Amino acid sequence: MKKVVSILSILLIISNFVMAVEPPKNAEIKIKTSAICSMCKKRIERDLGVSKGIVNSNLDLNDKVVTITYNTKKTNPEKIKQVISKIGYDADEVVADQKSHDALPDCCQKTAASHKD
Ligand SMILES: [Cu+2]
């Protein structure tokens with residue numbers, strides 16, 4: 001009987017420990033944007049930086065992909081794509097918000113000739 005009790009108490013301790021370990025809060029996602037130049041990069045990273053749940057973002061102008069670390073409890077990929085669309089850029093299958101896009105400087109619009117500076 002003593003043995004059973006000690007086994008049970010060990011199981012209880014283990015289960016408490018497992019439940020205390022929270023699932024990871026941060027996740028990473030890569031989103032293809034329609035960014036053109038370094039101004040776009042600054043604009044997207046700045047606006048993402050003040051968005052709810054975004055931990056970090058880095059846009060690579062070579063492939064126009066923005067890598068975002070986000071808190072899974074505060075936001076999700078769909079919301080993040082909407083944020084990017086509202087800034088004025090395509091985000092994967094989500095097309096840029098037309099009003100926001102048209103308000104961008106000419107050199108940052110989708111019709112602009114390719115440039116990075
Ligand atoms: Cu630009």
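**Close-up views of a predicted model**

View 1. Lys64 sits in the loop between β2 and β3. Before going on, note that this is a predicted model, where local features need pLDDT of at least 70, side-chain atom pairs count only at pLDDT 80 or more, and totals for chains, interfaces and linings use all residues. Residue numbers start from 1 along each chain as its sequence is written. Helices (H or I, at least four residues) and strands (E, at least two) are DSSP runs, numbered from the N terminus. Strands β2 (residues 54-60) and β3 (residues 65-71) run antiparallel and are joined by 6 bridges; two strands pair if DSSP finds at least two bridges between them. Ile54 faces Tyr70 of β3 across the pair. The hairpin leaves 4 residues between its strands. Lys64 is not a glycine, yet its phi is positive, about 65 degrees. Lys64 also counts as partly exposed, with 18 C-beta neighbours inside 10 Å (buried means 20 or more other C-beta atoms within 10 Å of a residue's own, exposed 12 or fewer, and partly exposed in between, with C-beta atoms placed from the backbone).

**View 2. The three-stranded sheet.** The strand order is β1-β3-β2 in an open sheet of 3 strands with antiparallel pairing. β1 (26-32) and β2 are the edge strands, each with a single partner, so one side of each has no neighbour in the sheet. From one strand to the next, the twist averages 15 degrees. Antiparallel pairing of β1 with β3 takes 7 bridges, and Lys30 has Thr67 in β3 as its bridge partner.

**View 3. Helices on the sheet.** α2 packs on the sheet, where it touches β2 and β3, and its direction makes about 170 degrees with that of β2. Contact here means that the C-beta atoms of two residues, placed from the backbone, lie within 7 Å. Axes are lines fitted to C-alpha atoms, for helices over the stretch in contact, and angles run from 0 to 180 degrees between N-to-C directions. α3, meanwhile, lies across β1 and β3, running at about 45 degrees to β1.

**View 4. Where α2 meets α3.** The axes of α2 (residues 38-49) and α3 (residues 77-87) come within 10 Å and cross at roughly 130 degrees. That makes α2 and α3 oblique to each other (under 35 degrees is roughly parallel, over 145 roughly antiparallel, 65 to 115 roughly perpendicular, and the rest oblique). On the α2 side, look for Arg43, Ile44, Asp47 and Leu48, which meet Val83, Ile84 and Ile87 in α3. That contact splits into 5 nonpolar, no polar and 2 charged residues, where Ala, Val, Leu, Ile, Met, Phe, Trp, Tyr, Cys and Pro count as nonpolar, Asp, Glu, Lys and Arg as charged, and the others, Gly among them, as polar.

View 5. Buried residues of α3 are Ile80, Lys81, Val83, Ile84, Ser85 and Ile87, and their cover includes β1, α2, β3 and α4. Gly88 follows α3 and has a positive phi, near 120 degrees. In the loop between α3 and α4 you'll find Asp92, a residue other than glycine with a positive phi near 50 degrees. Asp97 is in the loop between α3 and α4 (98-102). Leaving out residues up to four places away in sequence, Asp97 touches Ser85, Lys86 and Gly88. Its C-alpha atom is separated by 8.6 Å from that of Gln82, 15 residues away along the chain.
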